[in-house]
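Colleague: I have a model open and would like to learn how to read it. Can we go feature by feature?

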Amino acid sequence: MLNNAVRLLREKTKDHIDARDTERATLLSWPGSPSIEVDGDSVPYTADKLVFAEYLQDREVVADFVVSEYVEDDEAKGSVDGVLADGIEYESGSEYKQTPRSILRGKLIIPSPLQPGDRLIVSRLSGQRYYVHGKDVGLGV
């Protein structure tokens with residue numbers, strides 16, 4: 001019975017990440033050739049030993065913007081409605097009938113939140129590699 005309970009506990013926690021699975025590190029350089037220094041290790045880890053979560057890297061979204069015009073009390077006004085390329089729609093919220101004037105295609109760049117000197121939460125992978133989960137924001141850091 002005790003063996004069944006231990007087996008069940010292992011099964012439920014096999015993919016769980018807790019504080020014992022993570023370490024803290026300092027970001028030494030970013031973004032060109034990233035490197036980190038893990039607390040307790042004497043040698044920094046370079047880009048070939050690091051895997052960063054996708055949301056920590058610069059992201060680019062291609063967007064189509066429709067520039068429109070409408071009339072309110074005989075005064076021409078404009079608005080921008082857009083449709084992002086990944087299927088997410090954006091609207092200006094205008095409640096007036098609009099006449100499309102032109103369509104512009106552009107890129108939205110979402111910059112990385114990381115900067116050299118940031119404290120990080122990392123997990124050790126096989127082959128002395130580290131996965132960077134994100135910034136350590138605990139304890140007012």
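Colleague: Start with a single residue. Where does G32 lie?

Modeller: Bear in mind that this is a predicted model. G32 sits in the loop between β1 and β2.

Colleague: Is G32 buried or exposed?

Modeller: G32 is exposed, because its relative accessible area is 73% and exposed begins over 50%. Its C-alpha atom is separated by 9.1 Å from that of A47, which is 15 residues away along the chain. P31 belongs to the loop between β1 (22-29) and β2 as well. A cis peptide bond joins W30 and P31, with omega about 0 degrees.

Colleague: Now the overall fold. What does the secondary structure of the chain come to?

Modeller: The chain has 1 helix and 10 strands. Of the 141 residues, 22% count as buried. The accessible surface is about 10,300 Å², and carbon and sulfur atoms account for 53% of it.

Colleague: How do I read a sheet, and in what order do the strands stand here?

Modeller: Strands of a sheet pair through backbone hydrogen bonds, either parallel or antiparallel. In this model, 6 strands form an open sheet, ordered β3-β2-β1-β9-β10-β4, with mixed pairing. β3 (45-46) and β4 (50-52) are the edges: each has a single partner strand, so one side of each lacks a neighbour in the sheet.

Colleague: Which pairings should I trace?

Modeller: Strand β2 (residues 35-38) pairs with β3 in the antiparallel sense over 2 bridges. There, I36 has Y45 in β3 as its bridge partner. Next, β1 and β9 run antiparallel and are joined by 5 bridges. A25 stands opposite L120 in β9. Last, β9 and β10 are antiparallel over 6 bridges, where S123 has Y131 in β10 as its bridge partner.

Colleague: How many residues lie between β9 and β10 in their hairpin?

Modeller: There are 3 residues between them. In that turn, G127 has a positive phi of about 75 degrees.

Colleague: On to the core. Which residues have the most contacts inside the largest nonpolar core?

Modeller: The general idea comes before the case. In soluble globular proteins, nonpolar side chains tend to be buried together. Here the largest nonpolar core has 15 residues, and L27, I36, F52, L114, L120, V122 and Y130 have the most contacts inside it. At least two core residues come from each of β1, β2, β4, β9 (119-125) and β10 (129-135). Look at L114: setting aside residues up to four places away in sequence, L114 touches L27, W30, F52, L56, L120 and K135.

Colleague: How many aromatic pairs does the structure hold, and how do I describe one?

Modeller: A pair of aromatic rings is described by the distance of the centres and the angle of the planes. This structure holds 2 aromatic pairs. The ring centres of W30 and F52 are 4.7 Å apart and the planes stand at 50 degrees, so this pair is tilted. W30 is in the loop between β1 and β2 and F52 in strand β4, so the pair ties together parts 22 residues apart in sequence. W30 counts as buried at 17% relative accessibility, and F52 is buried at 11%.

Colleague: Why is the pair of Y45 and Y130 edge-to-face?

Modeller: Because the planes of Y45 and Y130 stand at 65 degrees, with ring centres 4.9 Å apart; edge-to-face needs over 60. Y45 lies in strand β3 and Y130 in strand β10, so this pair ties together parts 85 residues apart in sequence. Both Y45 and Y130 are buried.

Conventions. Residues numbered from 1 in each chain as written. Predicted model: local features only at pLDDT ≥ 70, side-chain atom pairs only at ≥ 80, totals over all residues. Heavy atoms only, no water. Helix = DSSP H or I, 4+ residues; strand = E, 2+ residues; numbered from the N terminus. Buried < 20%, exposed > 50% of the residue type's maximum accessible area, 1.4 Å probe, protein only. Areas by Shrake-Rupley, 256 points an atom, 1.4 Å probe, with all protein chains shown as cover. Pairing = 2+ DSSP bridges. Core = buried A, V, L, I, M, F, W, Y, C linked by side-chain atoms within 4.5 Å. Contact = heavy atoms within 4.5 Å. Phe/Tyr/Trp six-rings, centres within 6.5 Å; stacked < 30°, edge-to-face > 60°.
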